[in-house]
Amino acid sequence: MDLLFSSVENIPGVRGRAAFTVNSQAVFKEDIDTLPTVIDSKLSYMPWGADNQMPYDIIDLIEKDETLATCQLFNAEVCYRSGLQYDCAETSAAVADAVDEFLLSNDLPAYFLGVCQNFKHFGFAVSVIILNADGTLAALLPHLDWLTAMPTVPVRLSRINRREAVAADFQGVAFGDYIVADNLYQGYLHTQASRELSVESREKITKEIFEQLTAVLYPALNSQPMTLNDEERVSVFYWLAGLKALFAAKWPDFFTPLATDEQRQFADHETDA
């Protein structure tokens, strides 16, 4: 039998060496078969694992090992070096203003550090420049008018601020908790669609809604509210939209899909604002 090993190390104080091997099948063993996710009759894709969560599972395993997590972060920082820089010295004032405005809602250092971490974690990274309906550069996460379709399966961040999420498909979650999450989801849509609220009032209500949502989606022993940033809010919204779509597909007699226009009201409102 051939020995498949990942590294060979010297043993201190002993004239010998040790071979280390990892059975990846045991680490990422799937309970069910991984099948393509069908979008329509002409389009399907292969998910990352049966639940489409394997990249997050890999990151979780890395973060649980303090030494490995520290080393990986150091490797990413070495790759990051001086980071991304931009120069508007030779551009018009209008372009310079547009760049400054874009950077107010898009954190280039955090984005590029994430790219570097992806390189170190997975060996590759994909950067996507998203355009809005007008073909002009849009903010990547705070505005969602770039979505051409709502998700059909629930996908979520497995952990936020060291709090672990419940199952993406709500397996094991009490039905009452789902009702609470759904009511908050509907409240968020209504808040974003309202033309009567000021910007300050809308942001205050939105903050309270997501604090209550995180208590259901990312439960913890303590009851301290958790404030989400824009990217994490989008992740939560996308998760719940995919969850509702999944339930509507599985149990159409009990769950009625929300009309696309209603789902996108909040994005249209933010774009108008």
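I count two residues as in contact when they have heavy atoms within 4.5 Å of each other.

**Ground rules**

I am working with a predicted model, where local features need pLDDT of at least 70, side-chain atom pairs count only at pLDDT 80 or more, and totals for chains, interfaces and linings use all residues. Residues are numbered from 1 along each chain as its sequence is written, and side-chain values use heavy atoms, with hydrogens and water left out.

**Entry 1: the whole chain**

I looked up the chain and found 10 helices and 6 strands. Both are DSSP runs numbered from the N terminus: helices are H or I with at least four residues, strands are E with at least two. Of the 273 residues, 29% count as buried. Buried means under 20% relative accessible area, exposed means over 50%, and partly exposed is in between, using a 1.4 Å probe and protein chains only. Among contacts between residues at least 6 apart in sequence, 59% join residues at least 24 apart.

**Entry 2: threonine 214**

Which residues does threonine 214 touch, not counting residues up to four places away in sequence? I found Pro219, Met226 and Leu228. Threonine 214 sits in helix α7. It counts as buried because its relative accessibility is 1%.

**Entry 3: the cores**

Next I looked for nonpolar cores, meaning sets of buried Ala, Val, Leu, Ile, Met, Phe, Trp, Tyr and Cys residues joined through side-chain atoms within 4.5 Å. The largest has 27 residues, and those touching the most other members include Phe170, Leu213, Trp239 and Leu240. Helices α6 (175-193), α7 (199-217) and α8 (230-250) each supply at least two residues of this core. The largest share, 7 residues, comes from α8. I also noted a second, separate core of 5 residues, among them Ala76, Tyr80, Val115 and Cys116.

**Entry 4: helix α8**

I checked α8 by itself. Its 21 residues reach 30 Å from the first C-alpha to the last, close to the 30 Å expected at 1.5 Å a residue. That expected span is 1.5 Å times one less than the number of residues. Is α8 mostly covered or mostly open? It is mostly covered, with 15 of its 21 residues buried. I then picked leucine 240: leaving aside neighbours within four places in sequence, leucine 240 is in contact with Ala181, Tyr185, Leu213 and Leu217.

**Entry 5: a cavity**

How many cavities of 30 Å³ or more does a search of the whole structure find? The search gives 1. A cavity is a set of points, on a 1 Å grid over the protein atoms alone, where a 1.4 Å probe fits but cannot get out; lining residues have an atom within 4 Å of a point. The largest cavity holds about 40 Å³ of space. Its lining is made up of Tyr178, Ala181, Asp182, Tyr185, Leu240, Leu243 and Lys244. Helix α6 gives the most to this lining, with 4 residues. By class, the lining has 5 nonpolar, no polar and 2 charged residues.

**Entry 6: two positive phi values**

Arginine 81 has a phi near 50° and lies in the loop between α3 (66-80) and α4 (93-104). Phenylalanine 170 has a phi of about 65° and belongs to the loop between β6 (163-164) and α6. Are they buried or exposed? Arginine 81 is exposed, with a relative accessible area of 71%, whereas phenylalanine 170 counts as buried at 6%.

Definitions and conventions
1 Å grid on protein atoms, 1.4 Å probe; cavity = no way out; pocket = protein on both sides within 12 Å on 5 of 7 lines; lining within 4 Å. Points joined across faces, edges and corners; volume = space filled by probe spheres on them. Nonpolar A, V, L, I, M, F, W, Y, C, P; charged D, E, K, R; others polar.
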